[in-house]
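Here are some exercises to work through with the model open on your screen. Try each task before you read its solution.

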Amino acid sequence: IAAGFLLFRRACIIFLSPIGGLLIERFGQRKMLLISVLFVSLGIILIVSNVLLAGLIMVFIFSAVCNVVLPIAVSLNAPDRISVIAQNAVFRDAGTAFGTLSGGFLLTGLYLNAFLVAGVMLQVFLVLYWSKTTKLL
């Protein structure tokens, strides 16, 4: 089952990333950033609510769109775009490593759902705050 989910996630990245680029050209990167982050957050809330299949599919699909939108969004007004994209990649990789390690420890805890909901709320707040401070909206 886990291999099937991993296969679906990679397929989403391969096939939906170009579609994400087309959606950015059509609707703009502002809307696509907010929509993709909000749907990833909604997918995580569905997972916490034990609607696993729908939540995982939603997270995988909109994470593939986020992979396209985020580098564009963080480097939009930067004078040195390559440096900003590289810094973003470093923090995303560090977040992936930290998330995996903390997830391994939290799986045995009683408060996993509370941590996930708090993380989703923090993620949505930070994206909205960042979009307001960078005049993205």
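**Exercise 1. Compare the radius of gyration of the protein with that of a compact globule.**

Start with the 137 residues: a compact globule of that length would have a radius of gyration near 14 Å. The protein has 15 Å, which agrees. The radius is taken over C-alpha atoms, and the globule rule is 2.2 Å times the number of residues to the power 0.38. Next, look along the principal axes, where the C-alpha trace spans about 45 × 30 × 25 Å.

A word on the source: this is a predicted model, in which local features need pLDDT of at least 70, side-chain atom pairs count only at pLDDT 80 or more, and totals for chains, interfaces and linings use all residues. Residues are numbered from 1 along each chain as its sequence is written, and side-chain values use heavy atoms, leaving out hydrogens and water.

**Exercise 2. Find the secondary structure of the protein.**

Count the DSSP runs from the N terminus (helices: H or I, at least four residues; strands: E, at least two). In order, the elements read α-α-α-α-α.

**Exercise 3. Which residues does Met32 touch, beyond those up to four places away in sequence?**

Take contact as heavy atoms within 4.5 Å. Then list the partners of Met32: Leu23, Ile24, Phe27, Val65 and Val69. Finally, step back to the whole protein: of its contacts with a separation of 6 or more, 67% join residues 24 or more positions apart.
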